[in-house]
Amino acid sequence: MNNVGTLDRILRALAGVALLEAGFFWLGGMAAIAAYVAGGILLLTAIARFCPAYRLVGASTCSVAPGGKVLPVFGIALVLALAVGGGVASNFLSRKVLDR
């Protein structure tokens, strides 16, 4: 049932976090809503290791057997993405608020 590999999961998680942060900090209106939806979908497919679009076209990026030890790598990448992205967003927001 899994069709999303480790590297694909990490990239989806990073892109999902980036879109959610962009929607929260930099975008407004419909662009923010689109970023929230796209980011949420990317994060959900990364967590579930399943992409419905891949299934429709018969694609898979899995290169290891299910049940492999990818959770630590995935967790570390997600924490780093949140830390770096959150730090950049916080710096940007602080400058925007304090420069007024």
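A salt bridge is a side-chain nitrogen of Lys or Arg within 4 Å of a carboxyl oxygen of Asp or Glu, and a search of the whole structure finds one. The model is predicted, with local features needing pLDDT of at least 70 and side-chain atom pairs counting only at pLDDT 80 or more, while totals for chains, interfaces and linings use all residues. Residues are numbered from 1 along each chain as its sequence is written, and side-chain values use heavy atoms, with hydrogens and water left out.

**View 1. The salt bridge between D8 and R12.** The side chains of D8 and R12 meet at 3.1 Å, N to O. Side chains of opposite charge can pair when their charged atoms come close. Both residues belong to helix α1, four residues apart, which is about one turn of the helix.

**View 2. Helix α1, residues 6-25****.** Helices are DSSP runs of H or I with at least four residues, numbered from the N terminus. Buried residues of α1 include I10, A13, G16 and V17.

**View 3. M30 in helix α2.** M30 lies in helix α2, residues 30-48, and counts as exposed because its relative accessibility is 66%.

Terms used
Helix = DSSP H or I, 4+ residues; strand = E, 2+ residues; numbered from the N terminus. Expected span 1.5 Å × (residues − 1). Buried < 20%, exposed > 50% of the residue type's maximum accessible area, 1.4 Å probe, protein only.
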